[in-house]
Amino acid sequence: MPMATPRHDSVPSHLPLIVSAVAGFVFALGLGLAGMTQADKVIAFLNLAGDWDPSLAVVMTTALVVYAPAYRLYQRRRTPMLGGDCQVPTHVQLDRPLLVGAAIFGVGWALGGYCPGPGVVAVMAGPSTAWLFVAAMALGMLGHAKLMRQLERQL
Amino acid sequence: MTMHDLVQAAAGGLLIGAASAGVLLLKGRIAGISGIVSGTLFGPREAWRVTFVLGLLLGGLLLAKVAPSAVAAPADRSWPTIVLAGLLVGFGTRHGSGCTSGHGVCGLGRLSPRSGAATATFMATGFATASLVHLLGTGSA
């Protein structure tokens with residue numbers, strides 16, 4: 001398989017940072033346009049017992065329509081266009097933390113109507129609830145890291 | 001739900017996919033927001049993650065200016081529920097190594113069995129929780 005030649009020296013060091021900032025910006029606009037930042041719309045999508053709003057199902061679908069071909073292109077290239085290494089996960093084995101964590105995340109998502117991306121976006125645009133959510137989310141993330149360290153020490 | 005909603009949802013999804021594809025092709029990274037946020041806050045702190053978060057925040061600022069109704073808090077969730085929600089999302093995304101963007105878009109996009117299982121799981125508990133909360137009539141949960 002032909003490998004693209006890394007062009008580390010030809011890429012200005014600040015370009016990847018600009019690119020990722022633009023990516024974050026576009027991502028946020030996408031979330032806003034899609035309705036992912038409207039907590040009630042998310043809850044209306046997840047609430048199968050109420051007045052079901054299925055429109056958010058379309059969001060993941062069209063995202064995949066763009067992303068899946070991009071991934072196939074990535075597989076052929078195997079080298080990031082801006083140089084550097086790749087950090088795409090390769091393990092395929094399911095394990096308990098994956099499923100337990102996903103289960104817990106789903107509960108939280110339905111309770112608050114926010115997932116991480118929309119939460120961060122909403123902090124700048126929206127209500128104080130978003131701040132509360134993101135602060136609690138940060139605490140939850142920190143709590144997880146501490147718990148894992150604690151468990152590791154005990155082994 | 002109107003046609004307008006569907007078109008906007010589709011367009012929003014395209015932007016999300018494009019941004020994620022950009023991160024993959026240009027930087028060789030997964031645009032999983034939970035990982036990006038936790039990395040920025042608690043490390044490992046990679047510069048591209050920090051600027052990605054800045055981009056998210058700037059996007060939020062623009063939305064506030066041009067489409068403030070696009071960002072809205074849940075109408076009937078009490079603040080303790082919001083706090084619980086945040087804690088669960090924070091803990092769960094770290095434990096499960098991802099969220100809707102990392103698993104749902106990037107993971108499914110590369111046909112990852114792990115992400116398939118994770119996505120099915122959080123969608124299931126998401127549906128179940130929202131539906132249960134509604135059925136229990138605790139709108140002010």
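Modeller: What follows takes the labels one by one, for a model that is predicted.

Colleague: What makes A:Asp53 and A:Lys41 a salt bridge?

Modeller: Their closest N and O atoms are 3.0 Å apart. The cut-off is 4 Å, so the pair qualifies. A:Asp53 sits in the loop between helix 2 and helix 3 of chain A, and A:Lys41 in helix 2 of chain A, 12 residues apart.

Colleague: Why is A:Asp53 called buried?

Modeller: Its relative accessibility is 10%. Buried means under 20%, so A:Asp53 passes. A:Lys41 has a relative accessible area of 12% and is therefore buried as well.

Colleague: Which residues make up the salt-bridge network?

Modeller: A:Lys41, A:Asp53 and B:Asp5 are linked in it.

Colleague: How do you know that B:Asp76 and B:Arg77 form a salt bridge?

Modeller: The closest N and O atoms are 4.0 Å apart. The rule asks for within 4 Å, and the pair is listed as a salt bridge.

Colleague: What links B:Glu46 and B:Arg29?

Modeller: A salt bridge, with N and O 3.3 Å apart. B:Glu46 is in the loop between helix 2 and helix 3 of chain B. B:Arg29 is in the loop between helix 1 and helix 2 of chain B, and the two are 17 residues apart. At 6% relative accessibility, under 20%, B:Arg29 is called buried.

Colleague: How many salt bridges are there over all chains?

Modeller: Six. Between chain A and chain B the count is three. One of them joins the side chains of A:Asp95 and B:Arg114, at 3.1 Å from N to O. That distance is within 4 Å, so the label holds.

Colleague: What makes B:Ser131 and A:Leu48 a polar contact?

Modeller: The backbone nitrogen of A:Leu48 lies 2.9 Å from a polar atom of the B:Ser131 side chain. Across the interface, 22 residue pairs are in polar contact. B:Ser131 is in helix 6 of chain B. It touches A:Leu46, A:Asn47, A:Leu48 and A:Ala49. Its 10% relative accessibility is under 20%, so B:Ser131 counts as buried.

Colleague: How much area do chain A and chain B bury between them?

Modeller: About 9,100 Å², with 78% of it on carbon and sulfur atoms. In chain A, A:Phe27, A:Tyr67 and A:Leu111 lose the most area to chain B, together 9% of what that side buries. The contact takes 100 residues from chain A and 99 residues from chain B.

Colleague: What covers the buried residues of helix 1 of chain B?

Modeller: The cover includes helix 1 and helix 3 of chain A, together with helix 3 and helix 5 of chain B. Among the buried residues are B:Gly12, B:Ile16 and B:Leu24.

Colleague: How do you know that helix 1 of chain B has close to its expected span?

Modeller: Its 25 residues reach 36 Å from first C-alpha to last, close to the 36 Å expected at 1.5 Å a residue. After that helix comes B:Gly28, whose phi is positive, near 65 degrees. Helix 1 of chain A has 20 residues and reaches 28 Å, close to the 28 Å expected. Just after helix 1 of chain A, A:Gly35 takes a positive phi of about 95 degrees.

Terms used: Residues are numbered from 1 along each chain as its sequence is written. Chains are lettered from A and ligands numbered from 1 in the order in which they are written. This is a predicted model: local features need pLDDT of at least 70, side-chain atom pairs count only at pLDDT 80 or more; totals for chains, interfaces and linings use all residues. Side-chain values use heavy atoms; hydrogens and water are left out. Contact means heavy atoms within 4.5 Å. Buried area is the accessible area (1.4 Å probe) that two parts lose on being put together, summed over both. A polar contact is a pair of N or O atoms within 3.5 Å; within protein, one must be able to donate a hydrogen and the other to accept it, and residues adjacent in sequence count only if both atoms are side-chain atoms. Helices (H or I, at least four residues) and strands (E, at least two) are DSSP runs, numbered from the N terminus. Buried means under 20% relative accessible area, exposed over 50%, partly exposed in between (1.4 Å probe, protein chains only). The expected span of a helix is 1.5 Å times one less than its number of residues. Lists of a residue's contacts leave out its neighbours within four places in sequence.
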